[in-house]
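Here is a short note for a colleague who has not seen this structure before. The points go chain by chain and then turn to single residues.

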Amino acid sequence: MTDDDRVFKALSDPTRRFLLDRLFERDGRTLTELESELEMTRFGVMKHLRVLEDAGLVVTRRSGREKLHFLNPVPIRLIHDRWIDKYRERQVSALAELKHELEGEEAG
Amino acid sequence: MTTMTEQSTQVYSIFIRATPEQVWEGITKPEFTTRYFFGSVIDSTFQPGSPYIGWSSDRSQQFVDGEVLESDPPRRLRHTWRALYDEDMANEAPSHVTWEIEPQDGGYTKLTVVHDRLEASPKTAVSVAGGWMYVLSGLKSLLETAKPLEG
């Protein structure tokens with residue numbers, strides 16, 4: 001699986017998107033805190049966090065005895081660069097071409 | 001339970017197809033930083049106690065003021081951070097930025113940026129939250145293709 005595959009797979013699940021949104025609201029949460037917002041077993045939440053971590057969307061850091069989960073938006077930025085900017089660029093250049101053509105006709 | 005400490009830390013990480021030495025150069029050499037760090041010239045000797053200064057690309061304006069706290073090339077760099085590009089942020093307390101560089105399998109290096117001690121600097125915290133994403137994706141792009149994306 002490529003890095004992109006892992007990110008798309010991680011984002012394809014509503015529970016995992018919910019977890020990312022919770023971390024977006026407030027970063028650096030423990031498993032216990034995240035678990036308290038979901039109707040799911042601790043094991044289930046751990047599994048989802050693991051998928052997010054494998055995709056690089058969540059990074060964990062130790063703080064004393066606690067393991068804190070942080071949202072890492074960088075992979076989403078890379079997807080944006082790869083998939084959104086690329087197509088937007090084509091759109092913009094198509095518009096520029098159209099403008100050039102129309103203005104060219106006007107001039108001629 | 002949430003404490004202020006948790007809220008005041010931001011963590012960003014990225015895998016870059018480059019050696020730790022190349023990543024270190026990307027972070028510390030101004031000819032690289034101008035190409036992905038919002039055009040900033042990063043100016044420092046990277047010795048503990050020395051200043052860490054970010055200038056605008058023509059060096060007419062100082063964007064960032066800091067001091068190097070730890071330097072272990074090509075593994076770890078820690079410095080303070082005070083943003084001068086906004087008056088409110090300039091008046092906030094300095095925060096800390098740590099760059100952690102770890103070699104990975106397959107010619108990759110993992111770069112993690114931890115921006116912490118932001119509890120007394122809420123405006124800076126909001127400002128850098130979007131910024132680090134651009135900086136890291138730009139650095140990756142620069143090191144992997146030698147052609148950074150325009151921010």
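1. Start with the order of elements in chain B. From the N terminus on, they run α-β-α-α-β-β-β-β-α-β-β-α. That comes to 5 helices and 7 strands. The radius of gyration of chain B is 15 Å, close to the 15 Å that the globule rule gives for 151 residues, so chain B is as compact as a globular protein of that length. Keep in mind throughout that this is a predicted model.

2. Next, the overall dimensions of chain B. Its C-alpha trace spans about 45 × 40 × 30 Å along the principal axes. Of the 151 residues in chain B, 34% are buried. Take the contacts in chain B with a separation of 6 or more: residues 24 or more positions apart account for 43% of them.

3. Along the sequence, chain A follows the pattern α-α-α-α-β-β-α. Its secondary structure comes to 5 helices and 2 strands. The radius of gyration of chain A is 21 Å, well over the 13 Å that the globule rule gives for 108 residues, so chain A is more spread out than a compact globule. Its C-alpha atoms fill a box of roughly 75 × 25 × 25 Å along the principal axes.

4. Burial and contacts in chain A come next. Of its 108 residues, 22% count as buried. Among contacts between residues at least 6 apart in sequence, 51% join residues at least 24 apart.

5. How is chain A divided? It has domain 1 (1-72) and domain 2 (73-108). The C-alpha centres of these two domains of chain A lie 35 Å apart. In the contact between them, domain 1 of chain A supplies 7 residues and domain 2 of chain A supplies 4. By class, the touching side of domain 1 of chain A has 4 nonpolar, 2 polar and 1 charged residues.

6. Now the contact between the chains. It takes 14 residues from chain A and 13 residues from chain B. On the chain A side, β1 (58-63), β2 (66-71) and α5 (74-107) each supply at least two residues. Which of the elements of chain A gives the most to this side? It is α5(A), with 4 residues. By class, the side of chain A that touches chain B has 6 nonpolar, 3 polar and 5 charged residues.

7. Look at helix α2 (residues 20-28) of chain B. Its buried residues are B:Val23, B:Trp24, B:Gly26 and B:Ile27. Seen down the axis of α2(B), they fall within an arc of 160°, so they line one face of the helix. An α-helix has 3.6 residues a turn, so residues three or four places apart point the same way. The buried residues of α2(B) pack against β1 (10-16), α3 (30-33), β5 (76-83), β6 (95-103), β7 (109-116) and α5 (122-145) of chain B.

8. The largest nonpolar core has 44 residues, and B:Val23, B:Leu111 and B:Leu136 touch the most other members. The largest share of this core, 9 residues, comes from α5(B). Follow B:Leu136 in the view. Leaving aside neighbours within four places in sequence, B:Leu136 is in contact with A:Val74, B:Tyr12, B:Ile14, B:Leu111 and B:Val113.

9. Is B:Thr145 buried or exposed? B:Thr145 is exposed, with 10 other C-beta atoms within 10 Å. This residue is found in helix α5 of chain B. The C-alpha atoms of B:Thr145 and B:Glu100 are separated by 22 Å, and the two residues are 45 apart along the chain.

10. Check one peptide bond by eye. From B:Pro73 to B:Pro74 the bond is cis, with omega near -5°. B:Pro74 is found in the loop between β4 (62-72) and β5 of chain B.

11. Phi of B:Phe38 is near 50°, a positive value in a residue other than glycine. B:Phe38 is found in the loop between α3 and β2 (41-43) of chain B. With 17 other C-beta atoms within 10 Å, B:Phe38 is partly exposed.

12. The other is B:Phe46, with a positive phi of about 60° although it is not a glycine. B:Phe46 is found in the loop between β2 and β3 (51-55) of chain B. B:Phe46 counts as partly exposed, with 17 C-beta neighbours inside 10 Å.

Notes:
Residues are numbered from 1 along each chain as its sequence is written. Chains are lettered from A and ligands numbered from 1 in the order in which they are written. This is a predicted model: local features need pLDDT of at least 70, side-chain atom pairs count only at pLDDT 80 or more; totals for chains, interfaces and linings use all residues. A residue is buried if 20 or more other C-beta atoms lie within 10 Å of its own, exposed if 12 or fewer, and partly exposed in between; C-beta atoms are placed from the backbone. The arc is that of the directions from the helix axis to the C-beta atoms. Two residues are in contact if their C-beta atoms, placed from the backbone, lie within 7 Å. Domain bounds come from an automatic or database domain assignment. Ala, Val, Leu, Ile, Met, Phe, Trp, Tyr, Cys and Pro count as nonpolar, Asp, Glu, Lys and Arg as charged, and the others, Gly among them, as polar. The radius of gyration is taken over C-alpha atoms; the globule rule is 2.2 Å times the number of residues to the power 0.38. A nonpolar core is a set of buried Ala, Val, Leu, Ile, Met, Phe, Trp, Tyr and Cys residues joined through C-beta atoms within 7 Å.
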